[in-house]
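Please look over the sequence and the structure before reading on.

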Amino acid sequence: MVETLGVITEARNNSNVDELADIAKAEGVDYETLRRRVSLGRVIIVRNSKRPKVRPTAVGEGLRTKVNVNVGTSGTIVNVDLEIEKAKIAVKLGADTIMDLSTGGNLDEIRARLLEASGGVPFGTVPTYQAWIEGVKKYGGISIPSEWFLAVVERHLKDGVDFMTIHAGITLELARKSIKSRRIAPIVSRGGSMLAVWMVENGEENPYLKHWDYLIELFKEYDAVISLGDALRPGATADAHDELQIEELLNNSRLARDAVSRGVQVMIEGPGHMTLDKVVADVRLMKSLSGGVPYYVLGPLVTDIAVGYDHIASAIGAAIAAAAGADLICYLTPSEHLGLPGVEQVKEGLIAAKIAAHAGDLVKLGKRAAYEDVEMSIRRASLDWDYQLSRSYDPEKAMKLKTQFQQDLSSCTMCGQYCVFILLSRYLSGRQLNKDELLEKYGEGGSLVW
Ligand code: SF4
């Protein structure tokens, strides 16, 4: 493994100039601003010296909102080829990170194959699953030694995992409180529930908290990112912003500040289910408590009733969260709450999350994110169908919609000959759009009005 000082230390010493310069250029930000944010832990760079093909990906303040796709087997469906197909389609459609949440089959082998399928995209895992599943078998029940949880983390790091969900914010006391709480859904995090049961049954403190110093050393050695899990995220809108969620956020924020002070990159995971009016406050509170480390949100889903359409419920919350400063969005698929997604649902979920991220960026980043929108508007107003279809998130689907009534029109079948753009150009010649002029004036490289 190539020895590194770690991203934060390198930024503090200004010794990773080339890497930072490349990212600053790609993101359209000033080098010094980026360096400072990385040195403060407000921007993380996910990279891997053990896997040089991983493209360094920056997540955090002032940068484009990134999208994560979860793949992985379940306890009931173990079809590794299907999960590989999902990972490949996610990479092809522009997922920024991939997470393996497998819980069925040979987990080491599946992780190795998914790592390979993910190519240069940063790869994350939730080691608690494997620690629990294999630990129960190995130790004949849940009397698993706390060190075992760390051994599995180390195994994932050795295999080349770039970031990991570590549920260190749920304490024994919080686990006990959650079980007795009046929440509709006391715990909806799979890893969180495993840890809560382990803590309460064994009467022991959270293993990741107990061995926090060792964890920090491990992540430092491998230059990997800790993603502090939210075991107590609300799983129902009625449970949002209760004492349990906020207490865990406080714990995670303290841990995040500690990790950054010791030169380890960290982000914090967020909800979950919450109504629209709470989303902005949630992002601001997290940023303020944690010192501004990146926020990795699961939606949030802004309603509990969108069965079969939860990718839309979560995209609505994700757009608001991104606009308010959330940095990484975990996609949700139409299968959420119903079953393991298929390839088509992965595609639908990823596209919904990418639209949400971009919608948020139009507010968060302003004109830095707006050139594509301006160009699309100009092409739309000039009835340039080739451009519009080719730039769709799903050109095949867009073409099907455009041609479903099989009419060959210069406009579309919505208004036909009464298309506003045809009427304007025919009767108001002075208002006629000149596509080339507009593109020169407002398109990329031009002076965008925003
Ligand atoms: S026909 Fe109507 S919907 Fe279609 S491009 Fe023209 S204005 Fe838009």
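The axes of helix α4 (residues 80-92) and helix α15 (residues 343-364) come within 9 Å of each other and cross at roughly 30°. That angle makes α4 roughly parallel to α15 (angles under 35 degrees count as roughly parallel, over 145 as roughly antiparallel, 65 to 115 as roughly perpendicular and the rest as oblique). The model is predicted: local features need pLDDT of at least 70, side-chain atom pairs count only at pLDDT 80 or more, and totals for chains, interfaces and linings use all residues. Residues are numbered from 1 along each chain as its sequence is written.

Terms for the elements and axes:

- Helices (H or I, at least four residues) and strands (E, at least two) are DSSP runs, numbered from the N terminus.
- Axes are lines fitted to C-alpha atoms, for helices over the stretch in contact, and angles run from 0 to 180 degrees between N-to-C directions.

**α4 and α15**

- The crossing of α4 and α15 is right-handed (a crossing is right-handed if the near helix is turned clockwise from the far one by less than a right angle, and left-handed if anticlockwise).
- From α4, the residues Glu 85, Lys 86, Ile 89 and Ala 90 meet Val 343, Val 346, Lys 347 and Leu 350 of α15 (two residues are in contact if their C-beta atoms, placed from the backbone, lie within 7 Å).
- This contact of α4 with α15 divides into 5 nonpolar, no polar and 3 charged residues (Ala, Val, Leu, Ile, Met, Phe, Trp, Tyr, Cys and Pro count as nonpolar, Asp, Glu, Lys and Arg as charged, and the others, Gly among them, as polar).

- Helix α8 (residues 172-180) packs with helix α12 (residues 243-261) at an angle of about 165°, their axes being 10 Å apart.
- At that angle α8 is roughly antiparallel to α12, and α8 passes α12 in a left-handed crossing.
- Leu 174, Lys 177 and Ser 178 of α8 make the contact with Leu 244, Glu 247 and Glu 248 of α12.
- By class, the contact of α8 with α12 has 2 nonpolar, 1 polar and 3 charged residues.
- α12 also packs with α13, at an angle of about 40° and with the axes 8 Å apart.
- This makes α12 oblique to α13, and the crossing of α12 and α13 is right-handed.
- On the α12 side, Leu 249, Leu 250, Ser 253, Ala 256 and Arg 257 meet Met 286, Leu 289 and Ser 290 of α13.
- The contact of α12 with α13 has, by class, 5 nonpolar, 2 polar and 1 charged residues.

**Helix α7**

- In α7 (residues 146-159), the buried residues are Phe 149, Val 152, Val 153, His 156 and Leu 157 (a residue is buried if 20 or more other C-beta atoms lie within 10 Å of its own, exposed if 12 or fewer, and partly exposed in between, with C-beta atoms placed from the backbone).
- Seen down the axis of α7, these buried residues fall within an arc of 145°, so they line one face of the helix (the arc is that of the directions from the helix axis to the C-beta atoms).
- Glu 147 and Lys 158 are exposed residues on the face of α7 turned away from its buried side.
- The cover over the buried residues of α7 includes β5 (123-125), α6 (127-139), β6 (163-166), α10 (207-210) and α11 (212-222).
- Gly 160, with a positive phi near 105°, follows α7.

**Cis peptide bonds**

- Pro 271 and Gly 272 are joined by a cis peptide bond with omega of about 25°, and Gly 272 lies in the loop between β8 (266-270) and α13 (276-290).
- The peptide bond from Gly 299 to Pro 300 is also cis, with omega near 5°; Pro 300 is in the loop between β9 (295-298) and α14 (310-324).

- His 337 is not a glycine, yet has a positive phi of about 70°.
- The loop between β10 (328-330) and α15 holds His 337, which counts as partly exposed because it has 14 C-beta neighbours inside 10 Å.
- Leu 383, a residue other than glycine, has a positive phi near 55°.
- Leu 383 lies in the loop between α16 (371-381) and α17 (385-390), and with 18 C-beta neighbours inside 10 Å Leu 383 counts as partly exposed.
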